[in-house]
Structure formats: C-alpha cells, structure tokens
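Colleague: Could you show me the model, and then talk me through it?

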Amino acid sequence: MAEPHRFYPARWWELRENNRIKCLLCLRECDIAPGDCGFCAVRKNIDGELVSLSYGRPVAMHIDPIEKKPLAHFMPGTTTFSLGTFGCNLNCLFCQNGALSRGRYGSPGQARYVSPEEIVSAAVDQGCRSVAFTYNEPTVFAEYAIDVAKLAHQHNLATVLVSNGYISSAAATELFAHIDAANIDMKGFSEEFYRTMTQASLAPVLASIKLLYDMGKHLELTNLVIPEKNDSPQMIDDWLQWVEDNLDKDVPLHFSAFFPAHHYFDSPRTPRETLFAIRKQAIAAGFTSVHLGNIS
Ligand code: SF4
Ligand code: SF4
C-alpha cells in the first residue's frame, strides 16, 4: 500500500514557549525542543507540532498463541496477531526486548508503512481471533493502536494490550476504551525499585491497573521476579495485599523468571524454587489463578 504520509500527528501534548512541546501521553511529560524526540524516541517535535514516528511503522509482527502474551484466561486456544514498534517510555536495566525498546527510526524507509486496514486484513486472513499490541511498549504508539483497534472491532476481532501501564490517565482512559484484554507488567512493588531499575515510578502503573479493572476489562498481571531485587516475601506480600484491596483475588497473576540481559547482570537467573515459593504464598493468600513463566 502506498505511504499516505510520512509523519502522523501525535495527540496528548501542549505547545510551550519557543515552539517547545510538553508531551502528555505519559507521566514523564517530556519537554521537547524543536527537532528533538522525547524519552521514548518515537515522538518528535517538528516545528512546534508533535508527530508520532511509530504510527504505521511496526517493526515486529507475528502470530502468537494468546497464552504467550501472557493471557491465561482470555480466548484460550486462539492465536493473536501481534505487533510492536520501536520505542519505550521506561528504561529498565533488565529489558529483555532492548532491540525494540531502544530501537530508533532512522531513514524514512526503514520500516514500511502498514495501515490499520492491512493489519486487520492480515489478522483475519491468518485466522487470528484478536490483535495484540505488544513487544515494545504499546502506549507510545497509542494513536496507531486506537485506529487498529477500532477497525479490529468492526471485523469481530478482540484487542489485547501488553503494557507497562506507565501512561497518563487522560490517554489511558481513551486507549483502554478500545481494549478488551490487558496484561500489565508490574515490575516490582516499591517506588525505589521503579526509580532505580526502570527510571519511572510505580504509582501511575497501579492507577492504570485500577482503571482497567474499574472499566471491566479482562485483566491479568505479570511480575518479573529478579533475585534479591524484587523477590522478598514481604514485597510479594505487599503486592498481593494491594491486589486484594484494590481488585480481587480472582485476577490472574503471572510470576516469571528473570534471566540476565541488557544492562543488568548483577542477579542470577531466578531459581525455580523461588517461583514455586511465590506461587505457594499467593495460593495461601487465597488467589485463585497463579501462573509461573519462563521456568527452565
Ligand atoms: S510518551 Fe514519550 S515523549 Fe511523551 S512524555 Fe512519555 S516518554 Fe516523553
Ligand atoms: S517497559 Fe518493557 S520494553 Fe520498556 S524498557 Fe522496560 S522491559 Fe523493556
């Protein structure tokens, strides 16, 4: 399909003095000078207009089992047409998808334009039952995700979001309205963990989780367990208590094993025994759906 535009106008921003832009898509609220990109590297100030470099530029597209997202209790046994772009608004030291999250759009032809119509048509042709926004952080391509999701619903496809949940409430309210199921990655239940390991904060992530729950979306939660960083029984207990207090004990929980990657090699791979102990702790606390992932 011919490329209809090179730069897609971004949403959720305001103009400041000297053509600087404050991006309001996520809580980082980047102050972006003309010619520069924000922290996520896919939202650029061009002469006082914010554009999305990732709109229509997926760099990863695959057909995956829905269980791989992971979603254990949403349309089981089906496949989902999964796509991701470059860019992420967090910078996790332990990122296990750095090629995409820290990837950059260089020359305009680097990633060919793929329209929402093409995505949905491919999903239908391949017999998928849903489209999943995943791999990098999909909230940084929220405009594209919304357009794909609208079209997907017209073709009876469900929509899935796999996200870090670090998004402003204004943008979240709009994006989540177009999503049927989400898996949110809660990376470690403390502000210190988020500050030192992800360059972000926990509170907005919890707000996104609560919002999805209150909107009645199918919600599952993932926690990558990193030895001696976020695996203490007390921290796990605090997380379980938060879920119990704010959601309910039937929300599916996923605990997955860490392996050294990207810029973090100070912890070993998560021992299976650690994950087994966490599952036991969660079940003893009354949680009904506890899943372990990446176990070797
Ligand atoms: S979405 Fe990107 S540009 Fe916007 S505030 Fe977040 S990191 Fe900055
Ligand atoms: S949020 Fe996910 S994609 Fe982004 S840096 Fe962290 S682990 Fe990588």
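Predicted model: local features only at pLDDT ≥ 70, side-chain atom pairs only at ≥ 80, totals over all residues.

Colleague: OK, domains to begin with: how is the chain divided?

Modeller: The chain is divided into domain 1, covering 8-52, and domain 2, covering 60-293, with bounds that come from an automatic or database domain assignment. The centres of the two domains, taken over C-alpha atoms, are separated by 25 Å.

Colleague: And how many residues does each one put into the contact?

Modeller: Domain 1 gives 14 residues and domain 2 gives 19 residues, where two residues are in contact if their C-beta atoms, placed from the backbone, lie within 7 Å. The side of domain 1 that touches domain 2 divides into 11 nonpolar, 1 polar and 2 charged residues. In that scheme Ala, Val, Leu, Ile, Met, Phe, Trp, Tyr, Cys and Pro count as nonpolar, Asp, Glu, Lys and Arg as charged, and the others, Gly among them, as polar.

Colleague: Switching to ligands, what surrounds ligand 1?

Modeller: The shell of ligand 1 holds Cys23, Leu25, Cys26, Arg28, Glu29, Cys30, Gly38, Phe39, Cys40, Arg43, Asn89 and Val140, a residue being near a molecule if its C-beta atom, placed from the backbone, lies within 6 Å of it. By class, that shell has 7 nonpolar, 2 polar and 3 charged residues.

Colleague: Which residues are around ligand 2, then?

Modeller: Ligand 2 is surrounded by Cys88, Leu90, Asn91, Cys92, Cys95, Asn97, Ser101, Asn136, Glu137, Asn164 and Thr198, and this shell divides into 4 nonpolar, 6 polar and 1 charged.

Colleague: Why does Leu100 count as partly exposed?

Modeller: Leu100 counts as partly exposed because it has 17 C-beta neighbours inside 10 Å. A residue is buried if 20 or more other C-beta atoms lie within 10 Å of its own, exposed if 12 or fewer, and partly exposed in between, with C-beta atoms placed from the backbone.

Colleague: New topic: how do helix 4 and helix 6 cross?

Modeller: The axes of helix 4 (residues 169-176) and helix 6 (residues 203-214) come within 11 Å and cross at roughly 35°. Those axes are lines fitted to C-alpha atoms, for helices over the stretch in contact, and angles run from 0 to 180 degrees between N-to-C directions. The crossing of helix 4 and helix 6 is right-handed, meaning that the near helix is turned clockwise from the far one by less than a right angle.

Colleague: Which residues meet there?

Modeller: Ser169, Ala172 and Phe176 in helix 4 meet Ala207, Ser208, Leu211 and Leu212 in helix 6. The contact of helix 4 with helix 6 has 5 nonpolar, 2 polar and no charged residues.

Colleague: What about the backbone, anything to look at there?

Modeller: Most residues other than glycine have a negative phi, and most peptide bonds are trans. Here a cis peptide bond joins Lys69 and Pro70, with omega about 0°, and Pro70 is found in the loop between strand 7 (60-65) and strand 8 (79-84). Ala41 has a positive phi, near 70°, and is found in the loop between strand 4 (31-32) and strand 5 (43-46). Asn294 also has a positive phi, near 65°, and is found in the segment after strand 14 (290-293).

Colleague: Is Ala41 buried, exposed or partly exposed, and why?

Modeller: Ala41 is partly exposed, because 19 other C-beta atoms lie within 10 Å.

Technical notes. Residues numbered from 1 in each chain as written. Chains lettered and ligands numbered in written order. Helix = DSSP H or I, 4+ residues; strand = E, 2+ residues; numbered from the N terminus.
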